[in-house]
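User: I have a structure to study and would like to go through it step by step. Can you take my questions one at a time?

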Amino acid sequence: MLNFEKKTDFFVGIDSDGCAFDTMELKQKECFIPCTIKHYGLQGVSKYTREAEEFVNLYSKSRGINRFPALVETLNWLRRRPQVVARGIQVPELPRVTEWIHREKKLGNDALKKEVKATQDPELAACLEWSEAVNHAVAEMVKGVPPFPFVRESLEKLQGLADVAVVSATPQEALVREWEEHGIASYVTMIGGQEFGTKKEMLQKSTEYPKGHSLMLGDAPGDYKAAMANQVLFFPINPGDEEKSWQRFFNEGIDRFLHGTFDSAYQQELVDAFEKYLPVNPPWPVL
Ligand SMILES: [Mg+2]
């Protein structure tokens, strides 16, 4: 849970990756996708791999899920695409990785490393190699990404009126670096990374505020679920339309929130629009 002194009567939680910062596009498109194509021998269907991976990680209901289930889902969509079948490209199946995903609670490189050591399984070893290559690519690529337009303006507008906290599943150290790099750390009361618990746990802070006085901004279904679980209002930052979303928050959402007109009809309208941005099924034919 977030631990800071309550200074105002309003609480705002902000997700960081893909919500305040445009880092998801960069990470997925420039780091994850090239690594998947290279490590899984998908050069012959690179275009379709890119479309599948973007769909899973950025533009579907799976947006924001852990990298390992996302990889399995990407390969599954690819295998079911007629153009891929027609080209005769073998898309690898990952039964051992899938089995590990179902069993392991902390899906990360550390846990996978232990598993590879214990089993010497080549499929798991290849997956670890892929994941480490991704981390290497991210460390080289991701820097100098400013917050979306109207993030800073919104933070300024909320100054002194609401206690604002970063509520994120990214490691704390990376969050502090990103928020300080762009001079917006000073606007927030607290930066909550994965070490503080899940987003759902962090949002329990909202119980210290009057009913209807807490709001979460996020870009993924998981953010919405965390808000709902705590009866916190949700302002979606729509994937692909982030600037418009932040502008709307700045011009309209903040005032409605602070003046008690963020009613259920308004909430529903925002969520309905958000849901349309994230379909369950891809736009291409599926076998
Ligand atoms: Mg996010």
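**A loop residue, then the rest**

Analyst: Gladly. Start with Gly197, which counts as partly exposed because its relative accessibility is 22%. Keep in mind that this is a predicted model.

User: Where does Gly197 sit, and how many Å separate it from Met1, C-alpha to C-alpha?
Analyst: Gly197 belongs to the loop between E3 and helix H10 (199-202). In sequence, Gly197 and Met1 are 196 residues apart. In space, their C-alpha atoms are separated by 6.5 Å.

User: Which residues coordinate the magnesium ion?
Analyst: The donors sit at 2.1 to 2.2 Å from the ion. Their spacing in sequence is D-x1-D-x201-D.

User: How many residues apart are Asp17 and Asp219, and which loops hold them?
Analyst: Asp17 is in the loop between strand E1 (11-14) and helix H1 (23-39). Asp219 is in the loop between strand E4 (214-218) and helix H11 (221-229). The pair links distant parts of the chain, and the separation is 202 residues.

User: Are Asp17 and Asp219 buried or exposed?
Analyst: The cut-off for buried is under 20% relative accessible area. Asp17 and Asp219 have one label between them: buried.

User: Why does Asp223 count as buried?
Analyst: Asp223 is placed in helix H11. Setting aside residues up to four places away in sequence, Asp223 touches Asp15, Lys199, Met216, Gly218 and Phe234. Buried means under 20% relative accessible area. Asp223 counts as buried because its relative accessibility is 2%.

User: What is the strand order in the open sheet of five strands?
Analyst: The pairing is parallel. Strand E3 (190-192) and strand E5 (233-236) are the edges, and each pairs on one side only. Neighbouring strands are turned by 20° against each other on average, direction ignored. The order is E3-E2-E1-E4-E5.

User: Which residue in E5 is the bridge partner of Leu215?
Analyst: E4 and E5 run parallel, and four bridges join them. For Leu215, the partner in E5 is Leu233.

User: At what angle does helix H9 run to E3?
Analyst: Helix H9 covers residues 172-181. It lies across E1, strand E2 (163-167) and E3. Its angle to E3 is about 135°.

User: Where is the kink in helix H12 centred?
Analyst: Helix H12 spans residues 242-258, and its kink is about 45°. Its buried residues include Trp246, Phe249 and Phe257. Among the elements covering the buried residues are E1, helix H8 (151-158) and helix H13 (264-277). The kink is centred on Phe249.

User: Which residues have the most contacts inside the largest nonpolar core?
Analyst: That core has 37 residues. Elements giving two or more residues to it include H1, helix H2 (46-57) and helix H7 (122-141). The residues with the most contacts inside it are Leu78, Leu112, Cys127 and Trp130.

User: What does Leu78 touch, not counting residues up to four places away in sequence?
Analyst: Contact means heavy atoms within 4.5 Å. On that basis, the residues touching Leu78 are Leu42, Tyr48, Thr49, Ala52, Val84 and Val91.

User: How many residues are in the other core, the one with Leu158?
Analyst: This core lies apart from the largest one. Its members include Cys19, Leu158, Val166 and Leu175. The count is 33 residues.

Conventions
Residues are numbered from 1 along each chain as its sequence is written. This is a predicted model: local features need pLDDT of at least 70, side-chain atom pairs count only at pLDDT 80 or more; totals for chains, interfaces and linings use all residues. Side-chain values use heavy atoms; hydrogens and water are left out. Donors are N, O and S atoms within 2.8 Å of the metal (3.2 Å for Na, K and Ca); water is not among the atoms, so sites may look incomplete. Buried means under 20% relative accessible area, exposed over 50%, partly exposed in between (1.4 Å probe, protein chains only). Two strands pair if DSSP finds at least two bridges between them. Axes are lines fitted to C-alpha atoms, for helices over the stretch in contact, and angles run from 0 to 180 degrees between N-to-C directions. The bend at a residue is the angle between axes fitted to the seven residues ending there and the seven starting there. A nonpolar core is a set of buried Ala, Val, Leu, Ile, Met, Phe, Trp, Tyr and Cys residues joined through side-chain atoms within 4.5 Å.
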